[in-house]
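Please read them with the coordinates open beside you.

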Amino acid sequence: MAAGECVSVSSQSDTEEADLALERKSLSENIEFERDELAKIYEARGLTSHLASQVAEQLMLHDALGAHARDEIGIIEHSKARPIQAAFSSAATFTAGALLPLLVAWLVPPSLLITLVALLSLVFLAALGGLAARAGGVPVLRASVRVTFWGPWPWQSRPQLAVCLGLSLESGKTALKTESILACL
Ligand SMILES: [Zn+2]
């Protein structure tokens, strides 16, 4: 999960870097065009044409790339993609989230293991969804129901997906069959 998060956020970071490189190039080659572009953005947000030009001019004198990154591309310093930070927070979150079901697995008798771990995982999901909603100041019940409904979806859909993709799980071999994919469509 942490590696996946890192790859995903790295791609986002690469896209941001590429956008910034284009913007930097355009600023060095075509400053007039860039100033007009920024002024039009402020005008579209409600400033008069005159004021929009003044704001664009002053912000570009202060930090041209920063102004374009923020107001044209939408990159804000605190929302910038940070792959390593994302990987660590993902690892920490999933480890913390797995602790409760692991604790249940450790405490219950083997005969009840699967049933209790599955059921209590749903209860934990509902509770964590509610907790997150409370922290975020949104309706607790709705968030809790949503997390409990959508959270287990990957667990349920994984076996069907494997069948659809023609993955032979028992033999340990991964055989992808085109006809079984077509049959699922
Ligand atoms: Zn620009």
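1. Arg70 belongs to helix α3, and, leaving aside neighbours within four places in sequence, Arg70 is in contact with Ile75 and Ile76; contact here means that the C-beta atoms of two residues, placed from the backbone, lie within 7 Å.

2. Before going further, please keep in mind that this is a predicted model, in which local features need pLDDT of at least 70 and side-chain atom pairs count only at pLDDT 80 or more, whereas totals for chains, interfaces and linings use all residues. Residues are numbered from 1 along each chain as its sequence is written.

3. The protein has eight helices and zero strands, these being DSSP runs numbered from the N terminus (H or I and at least four residues for helices, E and at least two for strands). Of the 185 residues of the protein, 9% count as buried. Among contacts between residues at least 6 apart in sequence, 43% join residues at least 24 apart.

4. Helices α2 (residues 31-44) and α3 (residues 49-73) have axes that come within 8 Å and cross at roughly 110°; axes are lines fitted to C-alpha atoms, for helices over the stretch in contact, and angles run from 0 to 180 degrees between N-to-C directions. By class, the contact of α2 with α3 has nine nonpolar, three polar and seven charged residues, with Ala, Val, Leu, Ile, Met, Phe, Trp, Tyr, Cys and Pro counted as nonpolar, Asp, Glu, Lys and Arg as charged, and the others, Gly among them, as polar. The residues that α2 brings to this contact include Glu34, Arg35 and Leu38, and those of α3 include Ala52, Met60 and His68.

5. Which residues make up the largest nonpolar core? They are Leu38, Ala39, Tyr42, Ala52, Ala56 and Ala67, six residues in all, a nonpolar core being a set of buried Ala, Val, Leu, Ile, Met, Phe, Trp, Tyr and Cys residues joined through C-beta atoms within 7 Å. The elements that give two or more residues to this core are α2 and α3. Leaving aside neighbours within four places in sequence, Ala67 is in contact with Leu38, Leu59 and Met60.

6. Helix α1 (residues 2-29) also packs on α3, at an angle of about 125° and with the axes 10 Å apart, and the two helices are therefore oblique to each other. Asp19, Leu20, Glu23, Arg24 and Leu27 in α1 meet Ala64, Leu65, His68, Ala69 and Ile73 in α3. This contact has six nonpolar, one polar and three charged residues.

7. Two residues of α1 deserve a look of their own. Ala21, which lies in helix α1, counts as exposed because it has 10 C-beta neighbours inside 10 Å, and its C-alpha atom is separated by 9.7 Å from that of Leu65, 44 residues apart along the chain. Ser13, also placed in helix α1, is partly exposed, with 16 other C-beta atoms within 10 Å. Ser13 and Ala81 are 68 residues apart in sequence and 5.1 Å apart in space, C-alpha to C-alpha, and Ser13 touches both Ala81 and Pro83, not counting residues up to four places away in sequence.

8. The last pair is α4 (residues 83-107) and α5 (residues 113-136), whose axes come within 9 Å and cross at roughly 150°, and α4 and α5 are therefore roughly antiparallel to each other. Leu100, Pro101, Val104 and Ala105 in α4 meet Leu113, Leu116, Val117, Leu120, Ser121 and Phe124 in α5. The residues of this contact divide into nine nonpolar, one polar and no charged.

Definitions and conventions. Angles under 35 degrees count as roughly parallel, over 145 as roughly antiparallel, 65 to 115 as roughly perpendicular and the rest as oblique. A residue is buried if 20 or more other C-beta atoms lie within 10 Å of its own, exposed if 12 or fewer, and partly exposed in between; C-beta atoms are placed from the backbone.
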